[in-house]
Amino acid sequence: NPNPNPNPNPNPNPNPNPNPNLADFRVPPGLFCYCIDGQRLLIGGALTDGGSVFAWLGRTLKLPSDLEGALAERAIGDHGLRVLPFLNGERATGYHSDATGAILGLQGSTSSVDIAAAAMESVAFRLSEVIQGLRRFAAPNAPIVGSGTGIQNSFFFQRCLKAFCGDADIELFAQPEATSVGVARLCQESLGLGLGLGLGLGLGLGLGSASG
């Protein structure tokens, strides 16, 4: 598996309690936290480069028109490459604003599809690190829900993320703007109009086609 994060979190579990008292809660290293109301926190992690890596691949490399078809039968990691997908520094989980990207292991036989596969794997691996940090706050067997065109349109990327997340199931969110749906439901709940966020904890991720 690719390991594009040169500084893994040495303390992955500072808060073993999945329902901490808000006054005593400490934000886990590498993640962010917003207080939604007096009872709930929104914990997550943001990558600087996710969908932007996909866009860079399309602009820079001579890729086949049916890239997904070319990736369909490929085994993950069969290219001998490692990619650090830091086109614009690093946010979660290491937060190095001056980090730069790299492609390691290039040979004369390396193809554009090899590079694309390695880059997509590296983004999936970094998202899996964020998901791993969130798991202890999620309900048991909470689904991983993906949104955004980057993940919706790439079965290869879904396959990589599933593999790096311990063969977890990835559910695709049907609405194009998952964040807006969440905000709308929160507003609905605060106005006493019924359907809201509920108290269940799940794992959500978004990956657009042009920005991380």
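**Exercise 1.** Are Phe125 and Phe164 buried or exposed?

*Solution.* The model is a predicted one. Phe125 is buried, and Phe164 is buried as well.

**Exercise 2.** Classify the aromatic pair of Phe54 and Phe157, and locate its two members.

*Solution.* The structure holds three aromatic pairs. In one of them, the ring centres of Phe54 and Phe157 are 5.4 Å apart, with the planes at 75°. Planes over 60 degrees apart count as edge-to-face, so the pair of Phe54 and Phe157 is edge-to-face. Phe54 belongs to helix H1 (residues 51–60) and Phe157 to helix H5 (residues 155–164), so the pair ties together parts 103 residues apart in sequence. Both residues are buried.

**Exercise 3.** Examine the backbone at Thr93, Tyr95 and Asp167.

*Solution.* Most residues other than glycine have a negative phi, and most peptide bonds are trans. Ala92 and Thr93 are joined by a cis peptide bond, with omega about 5°. Thr93 is situated in the loop between strand E3 (82–84) and strand E4 (102–104). Tyr95 is also in the loop between E3 and E4, and has a positive phi of about 55°. Its relative accessible area is 43%, so Tyr95 is partly exposed. Asp167 has a positive phi near 65° and is found in the loop between H5 and strand E6 (170–172). With 53% relative accessibility, Asp167 counts as exposed.

Conventions. Residues numbered from 1 in each chain as written. Predicted model: local features only at pLDDT ≥ 70, side-chain atom pairs only at ≥ 80, totals over all residues. Heavy atoms only, no water. Phe/Tyr/Trp six-rings, centres within 6.5 Å; stacked < 30°, edge-to-face > 60°. Helix = DSSP H or I, 4+ residues; strand = E, 2+ residues; numbered from the N terminus. Buried < 20%, exposed > 50% of the residue type's maximum accessible area, 1.4 Å probe, protein only.
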